[in-house]
Amino acid sequence: MSTPFRSKLMFSALGLFLPGTGFNCFYLLGIKSFWGWIQLTSLIAGILGFLLLGTSPESSAAAWVLIVLGFIALEASWLSTIVFGLRPDEKWDAQFNASFQGKQKTESGWPVVICVILSLVIGAGAMMSFLAIGFEQFFIYQIEEAKKLSQ
């Protein structure tokens, strides 16, 4: 069975537009991709944590741990889009399209560069937002605990 030609643009688009699902890892390595399953499981955990945080405030610590897992899955997807998108086409072909050497070459061009730029902007914006919300919640918790101690 021959392996299909793997496009850098398709990998970058999957990582940019479907972050955290692991589809970009599944695209490269198939259904047996360990990192693809880790990303998908972490994304589902993050969604469950978000839903848990909205329904029961007393379980907020567990919910925040699950949300952090989902956030890591998103950021890992955008980071892999940046790393693999910036890889030279020759290295990409040598690693993922070895059976097509001489027959077909990857020509990434501007669409891949735009996917890399958008991944950087969205990933950095999401990280800054997550850190701001996380620190805000931490300080709110500290103020509430200080009020409990002072009474």
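Let me begin with a term: a residue is called buried when its relative accessible area is under 20%, exposed when it is over 50%, and partly exposed in between, with a 1.4 Å probe and protein chains only. Helices, for their part, are DSSP runs of H or I with at least four residues, numbered from the N terminus.

The structure before you is a predicted model, in which local features need pLDDT of at least 70 and side-chain atom pairs count only at pLDDT 80 or more, while totals for chains, interfaces and linings use all residues. Residues are numbered from 1 along each chain as its sequence is written, and side-chain values use heavy atoms, with hydrogens and water left out.

I start with helix α1, which spans residues 8-17. Its buried residues are Lys 8, Phe 11, Ser 12, Leu 14, Gly 15 and Leu 16. As to partners, the buried residues of α1 pack against α2 (23-29), α4 (60-85), α5 and α6.

Leu 9 itself belongs to α1. Is Leu 9 buried, partly exposed or exposed? Leu 9 counts as partly exposed because its relative accessibility is 35%. Taking contact to mean heavy atoms within 4.5 Å, and leaving aside residues up to four places away in sequence, Leu 9 touches Pro 111, Val 112 and Cys 115. By contrast, the C-alpha atoms of Leu 9 and Leu 52, 43 residues apart along the chain, are separated by 36 Å.

I turn now to the helix pairs. Axes are lines fitted to C-alpha atoms, for helices over the stretch in contact, and angles run from 0 to 180 degrees between N-to-C directions. Angles under 35 degrees count as roughly parallel, over 145 as roughly antiparallel, 65 to 115 as roughly perpendicular and the rest as oblique. A crossing is left-handed if the near helix is turned anticlockwise from the far one by less than a right angle, and right-handed if clockwise. For composition, Ala, Val, Leu, Ile, Met, Phe, Trp, Tyr, Cys and Pro count as nonpolar, Asp, Glu, Lys and Arg as charged, and the others, Gly among them, as polar.

First, α1 and α4. Their axes come within 8 Å and cross at roughly 160°, and α1 is therefore roughly antiparallel to α4. The crossing is left-handed. From α1, Lys 8, Phe 11, Ser 12, Gly 15 and Leu 16 meet Ser 77, Trp 78, Ser 80, Thr 81, Phe 84 and Gly 85 of α4. The residues of this contact divide into 4 nonpolar, 6 polar and 1 charged.

Next, α1 and α6. The two axes come within 9 Å, crossing at roughly 20°, so α1 is roughly parallel to α6. Again α1 passes α6 in a left-handed crossing. The contact involves Lys 8, Leu 9, Ser 12, Ala 13 and Leu 16 of α1, together with Pro 111, Val 112, Cys 115, Leu 118, Ser 119 and Ile 122 of α6. Its residues comprise 8 nonpolar, 2 polar and 1 charged.

Then α4 and α6. How do these axes lie, and at what angle do they cross? They come within 9 Å and cross at roughly 155°, which means that α4 is roughly antiparallel to α6. This crossing, too, is left-handed. Among the residues in contact are Trp 64, Phe 71 and Trp 78 of α4, and Val 112, Ser 119 and Phe 130 of α6. The contact divides into 15 nonpolar, 5 polar and 1 charged.

Trp 78, in α4, deserves a separate word. Trp 78 is buried because its relative accessible area is 8%. Beyond residues up to four places away in sequence, Trp 78 touches Gly 15, Leu 16, Pro 19, Ser 119, Ile 122, Gly 123 and Ala 126.

The side chains of Ser 108 and Asp 89 are joined by a polar contact of 3.0 Å. With residues up to four places away in sequence not counted, Ser 108 touches Lys 8 and Asp 89.

Definitions and conventions
Polar contact = N/O pair within 3.5 Å; in protein donor to acceptor, adjacent residues only side chain to side chain. Helix = DSSP H or I, 4+ residues; strand = E, 2+ residues; numbered from the N terminus.
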